[in-house]
Amino acid sequence: MFSFSPDRSQYPQPGPDGKVEVDLETGKYLKLWHGPNHPGITGNMSVELTVCGDEVVEGKTHVGYLHRGFEKLMERRTFIQVFPIVCRVCVPEPDFNEYCYAAAVEELAGIEVPEMATWIRTLILEMGRFNSYMMAMGGISGALGLGVVGQWMTYTRDLMLDRFEELTGARIYHMFILPGGVRAHLPEGFEGRMEEVLSTAERYLADAEKLMFHSSVFKTRTQGVGYIDPALFERYGVTGPNARAGGVAKDVRKDSPYLVYDQLDFTVHTEEASDIYARTMVRFKDLHETIQLIRQILKKMPKEGPVMGNLPNVLHWKIPRGETYIKGESSRGEYGYYLVTDGTGYPRRINVRGPSYTHAMALLEHLISGTNISDVAALMVSLHTYPPEIER
Amino acid sequence: MSLRDVLSPFTAWKHVINDPVTIKDPFSREASDRYRGFHQNDMDKCIGCGSCEEICQNAAIDMVPVEGQNAGPGDSGLRPMIDYGRCCWCALCVDVCMTGSLTMSNEYTWVDSDPDAFRFVPGVDAKSWDLEPKGYQREDERRLTGTVRAPMGETCPEDRIGNFDEIVDGFTAEQAIIEADRCVECGLCVATCPAHMDIPDYISKVRDGDYEGGLQLLYETNPFSQACGRICTHKCETTCAAMHEGDAIAIRWLKRSITDSVPRERYFDLIQKPDVPETGQSVAIIGAGPAGLTTAYDLARKGHQVVVFEALDKPGGMMRYGIPEYRLPYHVLDHEISVIESMGVEIRCNMRVGQEISMDQLKTAYDAVVLSIGLHQGRSTRVPGSEKAEAAIDLLRRITAGEEVPVPEQVAVIGGGNVAMDIARSMARLQKIKHGKVGVTVTALEELDRFLADKEEIEEALEEGCDIFPARGPQEILVDGDTVTGLRTWKVDAIFDAEGRFAPKYDEDDEMVHPAGMVVEAIGQMADISLLGAELTEQLEWNRGRIMIDADGQTSEPWLWAAGDAVSGPDVIHAVADGHRVAVSISRMLTAKREALQ
Amino acid sequence: MEDVDDKFLKKNKEVPLREELRPRKVTTPDGQEIEIEPLRDYFCEAQPKVHPKAYSKIVEDFYNWARSNSLWILGFGTGCGAIEMRPLMTPRFDAYRYGIQWRPTPRQANLLVISGYLSVKTLKRAIRAYEQMPQPKYVMGLGSCTINGGMYWDSYNTIKRLDDYLPVDLYIAGCMPRPEALLHGFMELKQIIRKGEAEGANKYAENFAQYKANQKAVIKDWDMPDYNW
Amino acid sequence: MNSLPNFEWVQVAYALLTLFIVINYGMVMTAVVRKIGARVGGRYGIPVWQNYIDLAKNIALRSKITHGVMFYLGPVFRLTGGVGLLLFVPTIYGSEWHQNFSYAGDLILALYFIFFGTLGMALGAGESGHPHSAIGVSRGLSQVTMAELPLALGVYALSLQYQTLDITEIVAAQQGSIFNWTVFTNPLATVAAMVAFVGTMMRSPFDVVIAPQEIPIGPPTEYHSSYLALMQTNRVLFPVAKTVIYMNLFFGGATSWAEFAIKVFCLYMVSVVIGVVHPRFRVEQSIRFFLKWGLPIGVLAILTV
Amino acid sequence: MRELLYRLKDRYHFGTPTFQRDDLCFVTVKRSELRAILTELRDVEGFTHLTLLTAVDWIEEQQFQLTYMINNREANLTLALRVMLDREDATGDTIHDLWPTAATYQRELREMFGINFPGSPRVDEEFILEGWTDLPPYRRDFDTLAYSQQTYHDRPGRETHDPKTHMQKVLYADYPKGAK
């Protein structure tokens, strides 16, 4: 009926090197800071937008607001002292850091982990994935102005935090997966209470599904928006749900199983459209898969056994020279720790490979030009990025 | 766009009739049972070892002295003060706590507008959560520092009973590293060690494999490190932080592993006399025991000329003549003494002061005299028939000297100390050699767990076939003519009276007779002070039968010092400590004298 | 506590002003040449003022009551503690029922919650946000990091004491503090406001030079005017 | 047009009373509505008197930074729009007191006032210099313009139907039976106007103007303290005033305060019911929505009349 | 993996590979051959995914180690190529045209280690730090504790005691320890 597609010929065209030259002083463009103090940004980061009308011409991601210099701090802490600080690398899903670090240290130091501990670790990781996905679901609906789903999702996430608290002794930074094992057994009656949380979550998810995937407005806002060409996935290091939404059925849990994932049944869900809707859908399905996985783990796990392997005296623990890389499938994609030791009591170098690093920097900057200001928040949330793991 | 897509969002409105899921009263909500909340510290259990401070990656913990907690054996008197401007509630401090005193409550609310208020000593500064039973506690199976002592190889009882070979193998390098690894380097032991050896430092040398550095460290505080590595009473291990929730660190064996790991000849390279000028002053030392030789070692290293007068054949004192060979081989002692001699110490054996040379001669010939004569006279129980009993200390000397001692098939030993064990086990060996079987009975006033002897000694004695009868008071040594036939004992109800004085109470109905061809009294020793002569004995001041000395070991005579067992009781490491103390005092006096002359 | 280690000596260089903030001449779309000085042109230049209390005590008390019961928090998640703000906004803890709301713009916020550690880069933004908030304004520090550096006590990029840079009304212990502790904090802050003791903004204005000096000592890239209210 | 017949000064006092009642009603009602919305999310939500406290707090704030004269006038214009709208529309039909300044052509004036505030706001917010305000203003103006289109058409159909531009007369025509209400006599015009109603209530899916996740928070970004207090007053007054028009035009007006309260609340809830459960449209999507759904219905309404 | 390296070793110079796990191998390559190896591995051998790119500071050897970790997603193999650079004036070769995402890594390395990657987009722009004037912070010779103590002030009034020295002071201050 009417054509609303803007006349792109007025906009600056990218040069041969892919860079857009924008002359701000013509008054035609506006610099718009999306963050750091901005409800539409995921955490404390910012995107510097150059807009022309409602359309984004260029976007630059700025990070570093949360930089604490972890990789430097880790180098001057002993191997056990690194343990409390790794989880701070990623706030919403801290357990992955703990697992990757612990596994890397165990590999280089040659420590056996008891079977019970690997099951509990898997449980913790899946609970963390549940939380992270819940935040993503709430985030994407919030970014589109659908606050009520955000309320439900945060509520169910909070119920899971109660389970976390009961199991690990803390709400957010659990500091539970020690090198060598985990800190404690499951508390009495944990399974029953977990089941309550899971069924509540399923109820709320069914409601949320109606408000999201069965809502015409939601579809209008998300379908066809934020498309990532699957051909770019490998160039931009896209992993996890973002890649699965483009039909790439890759999941570290399936491809190179760690912990006890080889003993669990689960499906790797994919979508084809590779837009915001598809990415949200993949997360939604994965969330259900995670709920099933938690049930499965609680059913299959051994009922007793030691949770801690033998550690040397951690106060002067030295690990021989070596290097390793441990990876796993976090809720956002491939998460990895690169640990280099030099035979002293301190790690030589720890590098955290957070999936957000590639998603929020190169990929986001690539995707953001040409979108509408209104879609920036949704696009970012749909990539599911957490700034602390970018800058660490 | 289907109609369903338009209508289905409105289903959310069904929630409007539900009650809100909000927590009604969030202010009194309790955290979970395991919650890592604010810290608690049990003042009775805390020993102030500072492990929490060491493991804290946030530098959140300071060890501070607090009112009402005094430093003492195994307790530094310090308590952790936690800065909640640093803490991250990782609970590593709770995990590493050596005594389990530090725990966490599940309390989590602390709001204050004063930023300096967030610092407190848990357990001292009263907080609302002090008595909260819930909260984070370490699971029992999980320890961050090793709790089990590395196994020490020993000759099995069957093989060792027939000879006087050394029993303990000593740690292998791997065992030593494993054992040294368990040390948390709190240093509580240093205060307990009479010689205040730098225990954590040399243990860390073991961990690093730097045995030569460790040896040098040992010799700074103890020239009898080899002997102490074997036969020290290791008071340090009784105050080790690791003993509270596991085995104490085998400090003695680690010391031994350093001395054993360095080749004998390297000793003379590593421990050399410092380059100090000769002072031209000379000191005479009476008795070549640990106290005397330590004094000699220190003084010689300061450039004084030292002469040691020893009454017996060989130097070493009680270490040679009191301690059986299977615990301290003579070649070790010889080597040890040769290191001391390499400092320029002259040892004159078979020079009994009072016979070959008199005190007065020493007084005039030397600038100072040290009396370190040890305790070489056995005490007697003075029960009927005790004149027929042997003194343990005499017997041991005779065994060492190679003299013939009577070895009956049954021997009864009175006493529960190390000397009693030594003589019991020595006699057991002799019996084994002579009769092919062991027949030793040990009786003592104390209950078994109160024996003064080391636990290992008692265990090994039992293993070697000695019978131990605790809580038996000797009443009579049964004599048939000239020969001893046995020992009659009563059961002990209490050793001390209400005021804590020695006044044993017996149950006379519970009488036992231990048949024995020889009864050995090993209830203590005295010094043989006859060498002093009547005049000097008169001049000196005395305290309950011992020569009175000041804190530096000086007697009431300005030229005479006393050290070692004779003044501080029987113990090698005490003797070494005395030696150091006396040496410093003498050296100070000599320096003053020298300066006065110039 | 280790003493200051001066074996390593910090290198300090001046950071040049970024190009787009330097004074320069530009040509407008209609061809005019104008001189601009971004740092002066883009910001308000009102000095901070010490605002007196209302003349009448009854009025001031009423005002304080209203201020305490209508706490608008700036929704600026400066650090990890921000994640515990979500449960507060949502059903589980629902801080709205206590008159606590979140505002996305500093102009409409009264309470700046510094949720944990502050990197230097965020400190600069936090100062800016704080200065833009209308008086009276309050600052709350969450967790160890704001009190004495917390976990990041040896980091080269995070400040240690928040009160060096901003006047802080209240600290909450924890790492991170639970939502319940935060609610406790808000209630405590209400008490402080009602007592009329939350005068941090005036304190900031009175000791302005000192605060600025502290801020400039750590923020090298100081590309904002001193006054930007 | 008979301008202001039988005007008496006492009407000013009556009008102020109306204003007072409506503001208080709005204060409580918006809080209640927020509480209802919160309940869908499972929360309690703000206390019902929270709006009063917020208002007092904003007045109590000490610093007031201005960006220029228009910045001052923005909220004033906005409030004028709200007050004006209310005062020229009869609030309670048949009541001497709450007739306000209704006159023969008040419908046109009301339509103008609906727009007036937005324009004033645009000027004021524009002066604040904040890019979010500027973007919000441009979004707001384009969306409101489009949203008003169906309303204008609906009103046009109405005036054709009742052959008058006097709201009082339109209300009078609907009295008697519930089936005399325009909603039954001219459903198409009602639907068209309701589309506009939902579109201008600043609720999802049409709240892109102030969308916090995109341009926090649009035009009022820079407003604070007393300015914000003014705007808050308007924010409770204006929707009520607007709802009053819809009530008068399509739902038979109100003859008593009780009827007023119930009808306004119900009408207001229409936008809430839709708003709570939907994400928001982008600005061009909402414009497209108005063109696609609102406009044809409006035209159809006129045609059927 | 062994087989792959075996195939390539004729054409390129490899150091001794470390097979950390079945699917993870570390190998040192020459800087001059890095680009060719990466291109071949990416286009021919299916190592299409750049997992990470980071550096390790071996200050004792005056070298930086760049670690290029690439992953073959089909075969689930990870290969980490180590390239040693001189620490003085360290410069690496940009690979942002092979993997656009490498530009971010290179920016970080430039800022945090001071390793330059000429030609990499925006490599000179500030990435994480703002107004940083000191040594690149991830270098081993940058002392973060000292820097932090000199820049941000501790809350005063804290004092700790070493149990050993405290006990010495309280219990045996008279004992002549350390006199020797």
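User: With which strand does strand 7 of chain B pair over four bridges, and in what sense?

Analyst: In this predicted model, the partner is strand 10 (residues 368-371) of chain B, and the pairing is parallel. Within that pair, Ile286(B) stands opposite Leu371(B) of strand 10.

User: Over how many bridges do strand 7 and strand 8 of chain B pair?

Analyst: Strand 7 and strand 8 (residues 305-309) of chain B pair over five bridges, in the parallel sense. Here Val283(B) of chain B faces Val306(B) in strand 8.

User: Why is strand 7 of chain B described as largely enclosed?

Analyst: Burial is judged by counting the other C-beta atoms within 10 Å, and 20 or more make a residue buried. Four of the five residues of strand 7 (residues 282-286) of chain B are buried, so the rest of the structure largely encloses this strand.

User: Which residues touch the most other members of the largest nonpolar core?

Analyst: The core holds 512 residues, and those with the most contacts to other members include Cys93(B), Val413(B) and Leu112(C). Beyond its neighbours within four places in sequence, Cys93(B) is in contact with Cys52(B), Ile55(B), Cys56(B), Ile61(B) and Leu102(B).

User: What scores does the model carry?

Analyst: The ipTM is 0.88 and the pTM is 0.89. For chain D, the mean pLDDT is 83, and 98% of the residues score at least 70.

Key: Residues numbered from 1 in each chain as written. Chains lettered and ligands numbered in written order. Predicted model: local features only at pLDDT ≥ 70, side-chain atom pairs only at ≥ 80, totals over all residues. pLDDT = per-residue confidence, 0-100. Buried ≥ 20, exposed ≤ 12 C-beta atoms within 10 Å, placed from the backbone. Helix = DSSP H or I, 4+ residues; strand = E, 2+ residues; numbered from the N terminus. Pairing = 2+ DSSP bridges. Core = buried A, V, L, I, M, F, W, Y, C linked by C-beta atoms within 7 Å. Contact = placed C-beta atoms within 7 Å.
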